[in-house]
Amino acid sequence: MKRWTVLLVSLFLTGQVAAAPPKEQEAPKYDRLNIYNTTNLTPLPHASFINTAKFREYQECVARAKSDKKNCAKYQFNVPYSLTDETVRVGKDLRQAWQRLEDRYYWRAMVNLNNPAMYLSHCLVDFGQNKGAEKPEVVVYTNDSMYPSQLAGKIPSQGLKDKLRMDSYSILPNVPNADYCAGVQMDFTLMYLPGTCFYAGTSKLFCIEGDQDTLNPLAPRPIAFQYQEAVNRVKRATTLAERDYQKDYQKDVLEAVKPNAKFSPLLWDTMLSGALIAPAQTIQPDLATLTRKGQDAGNRLGDIFKATASMYYAQGLTSNALTLPLRVHVLPTRKDVLFNPNPPAVWKLEEFKRTFPAEPSPIYERYGYTNLFSSWTRPTVKLLPEPLEAKPLRQMIYMAAGNNVYLQMPPVVVPIPAPVLIKEFTAGLPYAGVQTHFTWQSVPEGYEVPQVSGIPPVDYPF
């Protein structure tokens with residue numbers, strides 16, 4: 001929208017006269033692929049989206065076919081609104097799926113490393129706490145890739161808050177032992193020879209031990225320790241986990257995002273190359289937050305927007321007579337929808353709507369934006385656990401022991417723990433696989449939907 005329009009509407013709404021319009025930054029050239037079109041309230045609330053490539057195909061097909069349009073490409077896709085509370089449930093289940101993978105990943109490695117001792121202690125006795133994942137916080141995700149570089153530093157960035165990690169890292173498993181013990185066989189390979197120290201009273205006489213460091217300086221060091229075999233045991237466990245547990249993880253993800261009466265998502269291409277989206281709405285409107293967002297936009301953008309931003313957004317609550325000059329909807333019947341290099345309305349203020357919160361669908365319809373729950377799967381390489389503070393609690397430690405012999409009548413032999421740290425995994429266990437993220441993000445009418453690509457294989461019949 002040109003600067004003159006912004007100024008005229010400002011004058012109309014405020015009754016003030018400005019000396020001259022400020023020089024406005026030239027609008028960027030948008031390359032839109034998949035855009036949010038509009039929110040419709042009937043027959044039930046749903047959002048519509050347009051794939052621009054398919055729309056061009058449709059226009060060319062219509063021009064050739066003239067009256068026969070039924071074989072022309074579908075370009076508009078519709079998705080019912082889901083309640084935000086239900087998308088929180090989906091996010092919680094996605095967190096649970098990852099926590100199950102991460103927990104069994106670690107405990108399988110520990111059982112493998114300390115077989116047969118930990119097979120007896122953990123596979124024959126179930127220590128699983130079976131705690132459900134905590135609900136995620138609904139936070140609107142924004143980053144610089146969502147909007148033109150001209151707005152860098154103007155729109156506040158908010159990172160992902162899906163928190164794909166354990167809620168707490170405990171010395172006990174959260175998953176049941178069947179999750180990490182299935183397929184484990186007893187392994188009686190001799191891993192070490194215990195060291196021995198001899199005492200007369202409290203005085204140490206001498207020790208028979210090797211040079212393998214342990215985490216207990218008071219224990220005699222093992223005479224011999226198969227360190228490389230310990231490393232190999234951990235590697236075999238992570239290889240199995242990446243192959244088998246990852247398959248279960250993907251099944252858990254599919255179960256979490258499965259449509260139901262309360263959750264109606266649209267798969268856009270695939271989750272590996274695109275994303276699954278579900279327009280999300282609340283029951284109660286929060287106009288106070290929208291008002292604050294308008295003030296924030298004005299303060300951050302400055303210039304004329306400081307005086308007009310709040311009124312620009314408030315047009316959604318007034319009559320269409322006031323909104324038509326600025327609030328331009330994307331209509332499929334207009335050829336310039338896709339051939340115009342810029343999306344509709346005042347692009348700076350529209351882009352700022354990406355920070356707007358979830359609201360009821362009538363608010364979306366009036367304000368010209370929508371909130372989306374999005375979920376996508378991407379390949380990832382990382383070390384588990386990721387939080388630095390959790391790494392000391394998830395070390396690979398072989399539970400060796402030594403003996404202290406007290407020379408008296410009769411001699412007393414006291415076993416002493418001599419745990420050996422497998423240093424190759426101090427930074428964490430290597431994971432190379434997929435991870436499914438999720439978030440909530442807001443999209444203005446006529447603007448690009450983040451994460452999605454291609455076209456949906458199917459949509460809803462509105």
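Predicted model: local features only at pLDDT ≥ 70, side-chain atom pairs only at ≥ 80, totals over all residues.

Of the 462 residues in the protein chain, 50% are buried. The chain contains 12 helices and 16 strands. It exposes about 22,000 Å², and 57% of that area is supplied by carbon and sulfur atoms. As for contacts between residues at least 6 apart in sequence, 80% of them join residues at least 24 apart.

Let me turn to the sheet formed by β1, β2 and β3. These three strands make an open sheet in the order β1-β2-β3, with antiparallel pairing. Strands β1 (34–40) and β3 (76–80) each have a single partner strand and stand at the edges, so one side of each has no neighbour in the sheet. On average, and ignoring direction, neighbouring strands here are turned by 25 degrees against each other. Between β1 and β2 (residues 46–51), which run antiparallel, there are six bridges. If you wish to locate this pairing on the screen, find Thr39, whose bridge partner in β2 is Ala47.

Which strands pair with β6? One is β7 (residues 203–208), joined to β6 by five bridges and running antiparallel to it. In this pairing, Ala200 stands opposite Ser203 of β7. The two strands form a hairpin with two residues between them, and in the turn Gly201 has a positive phi of about 70 degrees. Another partner is β13 (residues 401–406), which pairs with β6 in the parallel sense over four bridges. There, Thr196 stands opposite Asn403 of β13.

My last topic is a pair of helices. Two packed helices are described by the distance between their axes and the angle between them. For helix α3 (residues 84–113) and helix α6 (residues 227–256), the axes come within 8 Å and cross at roughly 160 degrees. Angles over 145 degrees count as roughly antiparallel, and the crossing therefore makes α3 roughly antiparallel to α6. As to handedness, the crossing of α3 and α6 is right-handed.

Thank you for your attention.

Key. Residues numbered from 1 in each chain as written. Heavy atoms only, no water. Buried < 20%, exposed > 50% of the residue type's maximum accessible area, 1.4 Å probe, protein only. Contact = heavy atoms within 4.5 Å. Areas by Shrake-Rupley, 256 points an atom, 1.4 Å probe, with all protein chains shown as cover. Pairing = 2+ DSSP bridges. Axes fitted to C-alpha atoms, helices over the stretch in contact; angles between N-to-C directions. Parallel < 35°, antiparallel > 145°, perpendicular 65-115°, else oblique. Left-handed = near helix turned anticlockwise from the far one by under 90°.
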